[in-house]
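Please look through the structure below.

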Amino acid sequence: MAKVTLVFAVVFIILGLVGFIGTGSQFPTALIPAVLGVLLGIFGALSLSADSGRRKLFMHINVTLGLLGFLGTVMGLIEWFRMVGGAVVKNPSATESKAAMAFLCLVYVILCVRSFIAARRARLV
């Protein structure tokens with residue numbers, strides 16, 4: 001799961017940079033996904049350890065970051081669905097970026113939880 005985390009880290013960094021550049025480099029908050037990506041990258045790299053305790057610690061930190069990222073952007077996902085339905089939103093670029101971040105965070109958290117469950121079952125067998 002650590003390698004998957006590194007892939008998600010790169011995707012979040014790209015999302016943040018595209019959002020920042022796409023808004024004319026005026027809004028530094030567009031870099032929030034990139035900050036999450038850097039954190040996931042750091043802790044993902046640290047979780048590549050052979051020590052299972054260290055790996056578990058850093059992967060739990062990563063899933064917590066993913067969950068916080070989802071909770072912080074879930075309203076953007078809701079706004080995006082409203083926007084697709086025809087509603088006018090204040091800043092469509094920001095709404096799309098937040099929706100993408102919320103979706104990616106949700107997928108990441110689901111993958112992590114599935115991995116944790118599989119690891120637990122394998123340990124019990």
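Trp80 is partly exposed, with 30% relative accessible area, while Phe81 is exposed at 53%; buried means under 20%, exposed over 50% and partly exposed in between, for a 1.4 Å probe and protein chains only. The model is predicted, so local features need pLDDT of at least 70 and side-chain atom pairs count only at pLDDT 80 or more, whereas totals for chains, interfaces and linings use all residues. Residues are numbered from 1 along each chain as its sequence is written, and side-chain values use heavy atoms, with hydrogens and water left out.

A search of the whole structure finds four aromatic pairs. Rings of Phe, Tyr and Trp (its six-membered ring) pair if their centres lie within 6.5 Å; planes under 30 degrees apart count as stacked, over 60 as edge-to-face and the rest as tilted. One of the pairs is Phe8 with Tyr108: the centres are 5.2 Å apart and the planes stand at 55 degrees, so this pair is tilted. Phe8 belongs to helix α1 and Tyr108 to helix α4, so the pair ties together parts that are 100 residues apart in sequence. Helices here are DSSP runs (H or I, at least four residues), numbered from the N terminus. Phe8 counts as buried at 10% relative accessibility, and Tyr108 counts as buried at 0%. Trp80 and Phe81 form an edge-to-face pair, with 5.1 Å centre to centre and 70 degrees between the planes.

Phe8, Phe12 and Tyr108 form one aromatic cluster. Phe12 and Tyr108 are also among the residues with the most contacts inside the largest nonpolar core, which has 20 residues. Such a core is a set of buried Ala, Val, Leu, Ile, Met, Phe, Trp, Tyr and Cys residues joined through side-chain atoms within 4.5 Å. Two or more of its residues come from each of α1 (2-22), α2 (32-46), α3 (52-84) and α4 (92-124); α4 gives the most, with eight. Beyond its neighbours within four places in sequence, Phe12 is in contact (heavy atoms within 4.5 Å) with residues including Leu36, Leu40, Met101 and Cys105.

Leu36 and Leu40 also take part where α2 meets α3, with Phe58, Ile61 and Leu65 among the residues on the α3 side. The two axes, lines fitted to C-alpha atoms over the stretch in contact, with angles from 0 to 180 degrees between N-to-C directions, are 8 Å apart at about 165 degrees. α2 and α3 are therefore roughly antiparallel, a term for angles over 145 degrees.

Notes
Parallel < 35°, antiparallel > 145°, perpendicular 65-115°, else oblique.
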